[in-house]
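Take a protein model apart piece by piece.

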Amino acid sequence: DCAVLIVAAGTGEFEAGISKNGQTREHALLAFTLGVKQLIVGVNKMDSSEPPYSEARYEEIKKEVSSYIKKIGYNPAAVAFVPISGWHGDNMLEASTNMPWFKGWKIERKDGNAEGKTLIDALDAILPPSRPTEKPLRLPLQDVYKIGGIGTVPVGRVETGVLKPGTVVVFAPANITTEVKSVEMHHEALVEAVPGDNVGFNVKNVSVKELRRGYVAGDS
């Protein structure tokens with residue numbers, strides 16, 4: 001739903017990340033390509049900038065990252081930039097006394113503006129996207145396991161619709177139909193799984209060999 005791009009403020013570190021093949025560029029582009037619409041930028045290691053907690057360094061990084069994420073497709077006005085130090089905890093959960101120049105972040109967006117001081121404030125301001133539960137079930141398989149005493153357990157993330165025990169699903173493109181016995185997430189049984197949930201589900205009378213990564217489970 002949201003990506004937090006962490007950029008290092010240390011001398012040379014930011015430059016390496018934003019260089020042509022740098023990780024900062026790569027991660028921002030990946031997030032956008034994967035459809036992550038909401039972005040937060042944490043300018044980290046402010047304690048090791050030159051001089052420490054330098055406003056000029058923060059502004060330089062903010063300007064450069066803003067211009068790059070704009071090229072990718074993000075609107076910088078809707079992106080919260082927060083100068084932080086993970087090591088010392090500056091602006092993570094509480095406003096830092098080491099950066100009195102930082103008056104807080106502000107974002108403007110169609111669904112309502114927001115402002116705050118810290119990284120956790122920025123996370124709290126993220127808008128939960130609507131979950132397409134009313135659409136037909138689509139669950140692309142990431143893996144298929146054979147678990148002793150349980151049987152065949154396909155694993156994947158529900159993209160649309162709802163998956164619950166007792167549902168009869170069909171796996172495309174192999175056209176295999178079967179009943180879902182149980183659905184689990186993080187080793188806990190679920191009454192139903194909704195879009196965004198990464199789940200494992202146990203299916204009847206289907207061997208591991210018949211299913212593979214990339215198949216898509218849908219309503220029968």
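Find Ser66 in helix α3, which spans residues 55-72. Helices (H or I, at least four residues) and strands (E, at least two) are DSSP runs, numbered from the N terminus. Ser66 counts as buried because its relative accessibility is 15%. Buried means under 20% relative accessible area, exposed means over 50%, and partly exposed is in between (1.4 Å probe, protein chains only). Leaving aside neighbours within four places in sequence, Ser66 is in contact with Pro76 and Phe81. Contact means heavy atoms within 4.5 Å.

A word on the source. This is a predicted model, in which local features need pLDDT of at least 70 and side-chain atom pairs count only at pLDDT 80 or more, while totals for chains, interfaces and linings use all residues. Residues are numbered from 1 along each chain as its sequence is written, and side-chain values use heavy atoms, with hydrogens and water left out.

Now step back. The protein is divided into domain 1 (2-125) and domain 2 (138-219). These bounds come from an automatic or database domain assignment. The centres of the two domains, taken over C-alpha atoms, are 38 Å apart.

Next, look inside. The largest nonpolar core has 37 residues. Such a core is a set of buried Ala, Val, Leu, Ile, Met, Phe, Trp, Tyr and Cys residues joined through side-chain atoms within 4.5 Å. Leu39, Val41, Met46, Val65, Ile69 and Trp105 have the most contacts inside this core. Helix α3 gives the most to this core, with 6 residues. Apart from this core lies another, of 20 residues, including Leu137 and Val158.

Which residues does Trp105 touch, not counting those up to four places away in sequence? Among them are Ala80, Phe81, Val82, Ala114 and Asp121.

Helix α4 holds Leu119. Is Leu119 buried or exposed? Leu119 counts as buried, because its relative accessibility is 10%. Beyond its neighbours within four places, Leu119 contacts Val4, Ile40, Val82, Ile84, Asn91 and Met92.

Val4, Ile6, Leu93, Ile120 and Leu123 form a nonpolar patch on the surface, with about 420 Å² of accessible area together. Strand β1 (2-8) and helix α4 (119-124) are the elements that give two or more residues to this patch. Patches are made of residues with over 30% relative accessible area and no salt bridge; like charges are joined within 9 Å, and nonpolar side chains (Val, Leu, Ile, Met, Phe, Trp, Tyr) within 5 Å. A salt bridge is a side-chain nitrogen of Lys or Arg within 4 Å of a carboxyl oxygen of Asp or Glu. Accessible areas come from the Shrake-Rupley method with a 1.4 Å probe; for residues, only the protein chains shown count as cover.

Turn to Lys146, in strand β6 (residues 138-147). Lys146 counts as exposed, because its relative accessibility is 72%.

Last, check the backbone. Most residues other than glycine have a negative phi, and most peptide bonds are trans. The peptide bond from Glu50 to Pro51 is cis, with omega near -15°. So is the bond from Ala172 to Pro173, with omega near 0°. His186 has a positive phi, near 50°.
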